[in-house]
Amino acid sequence: MKARGGIFQLKNHGTTMKQEMMAGAIGYFTIVYIIAVNALILSEAGIPFEGAVMATILASFVGCLVMAFWANAPILLVPGMGINAMFTFTLVKSSGLSWQEALAVIVISGILFMIIAFTKLSKVLSEAIPKTLKEAITVGLGMFLMFIGLEKGGLIQRGDSAIIMIGDFGELKVLATVLTFLVTIFLFIRNVKGQFLWSIAFGTLLGFIFGIEPSIQSSSFHLSEYSQVFGQISFSAIMEIPFWIAVFSVTMVLVFENIGLVHGHTDMIDQPHKYSKAFQANAFSAFTSGFFGTSPTVSTVESAAAMTAGGRTGLTSLTTGVLFLGSVLFIPYLKWIPDHAIAPILIIIGGLMIQNIRHMDLRDLTEAFPAIFIIAMIPFTYSIADGIAIGFILYPVLKLATGKAREVSIPLYIIAALFLMNFFVHSIH
């Protein structure tokens, strides 16, 4: 009965406990695929798979609880797609940080994110960055996820004689990916509830039929193994320039991605007054992610499923969080999931993010080319940070060249200068 009173104010929101809990359950089944997908991506950075699974579950549980009690909003916070790829492929594989050092990057970025979220800086930055560049980051992340999905499924390969080669469609893995993708896209287009869960189940079953080995070979899980991941943060690289470049890049992606997502979610349920606290909850949750052992949590796109189902208060996100905690019981079975069962989900989510290109006005070339470079360079350089940097540098340069210098905000000039300095430092080293 307490939930009907001062905590979630169900009556004031025109909702009921049953409606909120049903919306939370639907949100959970829409986003629960992230446990396996995020853990598989983080395992490529060297984090033990079981530990990455547990970290994903706990970060999602705590994130949803913070959102529920601090912002009373039906927004689901889980480790984000795109930023997890940045963690593995940019921070660890490109920048050369260990996964423990990359977790330290997440913690410091989380602190900076909180400083921004709890001060007027969030408004300053939101207004300083042109909408075209914000949307370009989302589209570029979508392209990157599609690229990773196609590569994971064996549909494309990075070869010695070419950047990209078409995979061998005679291989069982490629065939399994194609069949799983067809099932996944069918279920998705038909808006079947829990579509990604059904597609993962189908892909895993197909793996057993075709005799395809799963990505993770371990057959048992002990909770004590999580001690190898929880709190394993290393600040050993804190005096090195690549570490701070990584902090800057992660903070940029976190802030601008979530400004857009949180605004979109609060507008969707006609509760714009909740934006500030929801953004703050987002920042605090991202900060705690590093301690749990995962890439940062974000306001997930799939929150829209819970809202469409009638979610209007924090009771929705609380329900989702509790269900995430219950997922601990299924950890041993997650290791059966092969790459080809995950690849179609990455491709489809990437495609959804690319759709943001429809919000971009590309008629002004001084706006268009920086955005296009961000979109192209993120997947082509295999680095989200470098892709963003090139676009953010090119934007003020083109504005200056065409006599439109006043259209660029002072903060954006500063950000562009920092990115340019980053490239010079890299070239020296």
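Predicted model: local features only at pLDDT ≥ 70, side-chain atom pairs only at ≥ 80, totals over all residues.
**Nonpolar cores**

The largest nonpolar core has 118 residues, and those with the most contacts inside it are Tyr33, Phe87, Phe256 and Phe392. Taking Phe392 as an example, and not counting residues up to four places away in sequence, its partners are Ile129, Leu133, Ile137, Met252, Phe256, Ile374, Leu412, Ile415, Ala416 and Phe419.

**Helix 4 and helix 10**

Two packed helices are described by the angle between their axes and the distance between the axes. For helix 4 and helix 10, the axes come within 11 Å and cross at roughly 165°; because an angle over 145 degrees counts as roughly antiparallel, the two helices are roughly antiparallel to each other. Their crossing is right-handed, and the residues that make the contact are set out below.

| Helix | Residues of the helix | Residues in the contact |
|---|---|---|
| Helix 4 | 83-92 | Ile83, Met86, Leu91 |
| Helix 10 | 241-268 | Ala246, Ser249, Val250, Val253 |

By type, the residues of this contact divide into six nonpolar, one polar and no charged.

**Asn282**

Asn282 is found in helix 11, which covers residues 275-292. Is Asn282 buried or exposed? Its relative accessible area is 0%, and since buried means under 20%, Asn282 is buried. Leaving aside neighbours within four places in sequence, Asn282 is in contact with Met67, Leu77, Phe113, Asn258, Val262, Thr297, Val298 and Ser299.

Technical notes. Residues numbered from 1 in each chain as written. Heavy atoms only, no water. Core = buried A, V, L, I, M, F, W, Y, C linked by side-chain atoms within 4.5 Å. Buried < 20%, exposed > 50% of the residue type's maximum accessible area, 1.4 Å probe, protein only. Contact = heavy atoms within 4.5 Å. Axes fitted to C-alpha atoms, helices over the stretch in contact; angles between N-to-C directions. Helix = DSSP H or I, 4+ residues; strand = E, 2+ residues; numbered from the N terminus. Parallel < 35°, antiparallel > 145°, perpendicular 65-115°, else oblique. Left-handed = near helix turned anticlockwise from the far one by under 90°. Nonpolar A, V, L, I, M, F, W, Y, C, P; charged D, E, K, R; others polar.
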